[in-house]
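Hello,

Here is the structure I promised to pass on to you. Please have it open while you read the notes below it.

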Amino acid sequence: MGNINWLEEVEKRKDSLIKDTQEFLQINSVLNEEEASTETPFGKGIEEALQYLLHKGEADGFLTKNVDHYAGHIEHGQGEELVGILCHVDVVPEGDGWTDEPFSATIRDGKIFARGAMDDKGPTMAAYYALKIVKELDLPLSKRVRIIIGTDEESNWQCVDHYFKHEEMPTMGFAPDADFPIIYAEKGIGDIQLRLDFKGETAPAKNTLLTFDSGRRLNMVPDHAKASLEVTEEMDAITHAFNEYISEKGIEGGYTKEGNALFLNIKGVSAHAMEPDNGTNAGYHLATFLHSVELDERGTSYVGLISEKLAFDSRGKKLNINFHDEITDDLTINTGVFRYDLEASVGALGVNIRFPVTCDTKEAEAQLRKEAEAYGFDVSKFNVSPAHHVPQDHELIQTLQKVYEEQTGEKAELLSIGGGTYARSLEAGVAFGPLFPGREDVAHQKDEHIFIEDLIKATAIYAQAIYELAK
């Protein structure tokens with residue numbers, strides 16, 4: 001084949017690429033467990049997004065398959081070997097504070113704004129159009145190329161677990177779900193549940209913590225927290241101290257009173273758990289304030305662990321689990337879900353830890369258990385997705401470096417991240433875009449967006465990458 005101007009080919013399809021991306025983003029594909037069924041295992045919105053892509057693929061003449069509504073694929077090409085492009089259609093909850101409706105896919109200032117614009121529906125459409133270009137140019141391939149569509153990436157990855165029990169593993173591939181140039185190493189990801197022991201009697205107290213609620217997902221910094229207390233003495237002193245706290249910290253918050261009941265709330269800033277310091281954890285702030293209030297024994301234990309061992313320490317130093325290596329840098333920790341209900345005997349914390357490649361996760365687990373037990377907590381779940389690393393001299397990396405450098409004129413540096421992408425589902429997989437160097441990472445944040453210019457550039461890069469890997 002002669003030289004192909006991949007960017008020019010994308011420009012020819014620019015209007016339809018933007019239109020289809022907007023339509024795709026307008027589907028609310030947040031996990032909804034209440035709608036779970038055989039045909040909608042993760043909710044109706046996620047199933048709608050999956051069907052949207054599969055129907056589009058079928059209409060464009062691709063081979064498509066729905067794998068029990070857990071995942072699907074769109075395939076093109078011939079050959080024994082398989083190149084995989086791992087995408088996902090589910091998105092994190094929209095959160096608060098958006099300028100436009102989170103699923104409006106509004107275009108402003110050359111950007112498309114929507115939850116999922118960067119993670120991962122915008123890049124998924126870019127990958128789809130890349131494969132569509134390769135097909136429409138009728139380029140000869142010696143391998144099959146398969147876009148694998150996940151539906152549960154933001155939660156428990158049940159989709160790819162199910163998919164690879166029934167479908168073949170690609171020889172190699174990439175996930176368009178992180179940063180350019182190339183992410184060749186990803187930290188291990190631990191989802192940990194801590195539960196407070198409610199057995200036994202406790203002594204009466206001046207103030208009793210009734211409820212505490214913050215966060216929706218372990219992999220997000222909570223942007224809102226609320227708590228309720230039964231206050232028998234010094235209500236005004238507590239509210240005065242609360243006002244001083246939020247003023248001193250420069251955060252938003254408020255309270256209401258109903259008889260002896262006091263209701264507190266604090267606003268934070270959401271961010272991705274792979275770098276918690278990019279956000280403001282509302283749960284940490286509320287627990288830290290409550291730790292200064294004389295509470296009942298169980299309430300004291302609950303906010304005590306948070307305040308003394310978790311709050312505002314993204315590197316795990318207070319827990320003595322601050323591991324580090326040269327490949328993937330520091331361990332990071334985020335408490336993403338806080339649930340306390342005295343009447344229901346529930347005191348739970350959902351913690352997300354990102355482990356460096358060389359970290360001994362068993363050692364970290366033992367240390368965490370030791371620290372939690374001192375506050376009356378038990379580690380009820382400690383699930384870890386192992387770290388992922390592809391050697392720098394692998395054919396996949398060499399090819400993608402060549403493509404990136406030809407398309408951008410910039411050196412394709414190899415990166416490591418704390419985030420987890422579907423690339424780790426492959427035996428040889430890397431994350432490849434769509435976030436270009438110098439762009440702000442807005443995944444999981446309010447006003448998430450993708451630059452149309454970047455969407456077009458990424459599509460061109462993916463098209464050449466598909467061809468180079470499969471020709």
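What follows is a short tour of what turned up, grouped by topic.

Before the tour, please keep in mind that this is a predicted model, in which local features need pLDDT of at least 70 and side-chain atom pairs count only at pLDDT 80 or more, while totals for chains, interfaces and linings use all residues. Residues are numbered from 1 along each chain as its sequence is written, and side-chain values use heavy atoms, with hydrogens and water left out.

Two packed helices are described by the angle between their axes and the distance between the axes. The axes here are lines fitted to C-alpha atoms, for helices over the stretch in contact, and the angles run from 0 to 180 degrees between N-to-C directions.

Helix H2 (residues 14–25) packs against helix H11 (residues 452–470) at an angle of about 110°, with 11 Å between the axes. On the H2 side, Lys14, Leu17, Ile18 and Thr21 meet Ile452, Leu455, Ile456 and Thr459 of H11, where contact means heavy atoms within 4.5 Å.

Helix H4 also packs on H11: their axes come within 8 Å and cross at roughly 50°. H4 and H11 are therefore oblique to each other. Among the H4 residues that meet H11 are Gly122, Pro123, Ala126 and Tyr129, and the H11 residues they join include Leu455, Thr459 and Tyr462.

**Aromatic rings**

How many aromatic pairs does a search of the whole structure find? The search finds 24, where rings of Phe, Tyr and Trp (its six-membered ring) pair if their centres lie within 6.5 Å, and planes under 30 degrees apart count as stacked, over 60 as edge-to-face and the rest as tilted. One of them is the tilted pair of Phe180 and Tyr404, with 5.5 Å centre to centre and 35° between the planes. This pair links distant parts of the chain, 224 residues apart: Phe180 is in the loop between strand E8 (178–179) and strand E9 (182–186), and Tyr404 is in helix H10 (residues 395–408). Phe180 counts as buried at 2% relative accessibility, and Tyr404 is buried at 1%; buried means under 20% relative accessible area, exposed over 50%, and partly exposed in between (1.4 Å probe, protein chains only).

Ring pairs also link Phe198, Phe212, Tyr284, Tyr302, Phe312, Phe338, Tyr340 and Phe377 into a cluster.

Two rings have a charge over them (NZ of Lys or CZ of Arg within 6 Å of the ring centre and within 35 degrees of the ring normal). The charged end of Lys132 sits over Tyr129, 5.9 Å from the ring centre, and that of Arg439 sits over Phe451, 3.6 Å from the ring centre.

**A covered helix**

Helix H7 (residues 282–290) is mostly covered, with eight of its nine residues buried. Tyr284, His285 and Phe289 are among them. The partners of these buried residues include strand E11 (207–214), helix H6 (235–249) and helix H8 (297–310).

**Backbone details**

- A cis peptide bond joins Asp119 and Asp120, with omega about 5°; Asp120 is in the loop between strand E5 (111–113) and helix H4 (121–136).
- Another cis peptide bond joins Gly433 and Pro434, with omega about 10°; Pro434 is in strand E23 (residues 434–435).
- Asp68 is not a glycine, yet has a positive phi of about 60°. Asp68 lies in the loop between strand E1 (63–67) and strand E2 (71–77) and is partly exposed, at 40%.
- Ser345 has a positive phi too, near 55°, and is partly exposed at 43%.

Enjoy looking around!

Best wishes

Terms used: Helices (H or I, at least four residues) and strands (E, at least two) are DSSP runs, numbered from the N terminus. Angles under 35 degrees count as roughly parallel, over 145 as roughly antiparallel, 65 to 115 as roughly perpendicular and the rest as oblique.
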